[in-house]
Amino acid sequence: MTLTATQQAPAAAPVVRPSAYQLSIGRVIRSEGIKLISLRSPWISGALTIAISLGITTLMAISMRNFLDQVPASGGGNEMIAQAVTMPLAFTALLVTITGSMLITGEYSTGMIRSTLTAAPDRLRTLFAKAIVLVGYTVLVSVVTSILGVALVSALFAGTDVALDFGDLSGAVLPYVYSAVYLVAAALLGLGFGYLLRSGAGAIAVAVGILFILPIVPQVLAMAPGMEWVAEAARYLPSNAGSALVQGSGDEVWQGALILGGWVVAVLGLGAVALKARDA
């Protein structure tokens, strides 16, 4: 009796069809944007930024009305309006820095970072998406603040010779563009410190220390004999570079922009290394 073995053909491998919903950088940016606008803190921070800026701008414009006789006949209006509108930058930079740090440290404190990295395993892509969303948010707040500030100051100076002169584009527009650049740099520094330290309090403390407290130290040390080099080194601090960008002229503007860019690249780079090297 002969037994015949029936050889069963191997099962065909399942056909994997590409999904119509691939994880792209655009979708990651969209998800980060949804997370941003669904939180109350960015709305509160943005409202406080605008309110504080307009309040300080109003006080500055009222005090400047006493010096209208010293306004040059050409370009002085643009300069005075820009000074009043950009005066609160130190306070607004603080608020956007806190917003940038809380954008990521809030996820670490609640454990949501694990869900984020599970949905989007490419960690550098999530960092890039958060940075893009933060830049858009900061630019929007800065533009709204500048437009409202210019309108408010123009109303306060109504009936005087102080008015925007769009014939001088650099004086009428560029100060507000540079202000937005400075605020974006401050927000990204907060984000970078947030990734690096993973602690909201720690990131805010370091960012505030570097942006607002550290610049005071060279002013004190520079008064001592032989310490003049400290004042020169202080030019490379982000807050002083931001002041040179917004209020400077000529080469000072580009030097300030390059210094700010170097700080942002360095801090975000360290944050990216920490994000890749550590567990969530």
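Trainee: Which residue forms a salt bridge with Glu32, with closest N and O atoms 2.8 Å apart?

Mentor: Lys130 does; a salt bridge is a side-chain nitrogen of Lys or Arg within 4 Å of a carboxyl oxygen of Asp or Glu. The pair links distant parts of the chain, with Glu32 in helix 1 and Lys130 in helix 6, 98 residues apart. Helices are DSSP runs (H or I, at least four residues), numbered from the N terminus. The model is predicted: local features need pLDDT of at least 70, side-chain atom pairs count only at pLDDT 80 or more, and totals for chains, interfaces and linings use all residues. Residues are numbered from 1 along each chain as its sequence is written, and side-chain values use heavy atoms, leaving out hydrogens and water.

Trainee: Are Glu32 and Lys130 buried or exposed?

Mentor: Both Glu32 and Lys130 are buried, meaning under 20% relative accessible area, whereas exposed is over 50% and partly exposed in between (1.4 Å probe, protein chains only).

Trainee: Where does Lys35 come in, and what is its link with Glu107?

Mentor: Lys35 forms a salt bridge with Glu107, the closest N and O atoms being 2.9 Å apart. Shared partners join Glu32, Lys35, Glu107 and Lys130 into one salt-bridge network. Within it, Lys35 also pairs with Glu32, at 3.1 Å between the closest N and O atoms.

Trainee: Changing topic, where does Thr126 lie?

Mentor: Thr126 lies in helix 6 (residues 123–156). Thr126 counts as buried because its relative accessibility is 2%.

Trainee: What does Thr126 touch?

Mentor: Not counting residues up to four places away in sequence, Thr126 touches Val28, Thr116, Leu117, Ala120, Tyr195 and Leu275, where contact means heavy atoms within 4.5 Å.

Conventions: Helix = DSSP H or I, 4+ residues; strand = E, 2+ residues; numbered from the N terminus.
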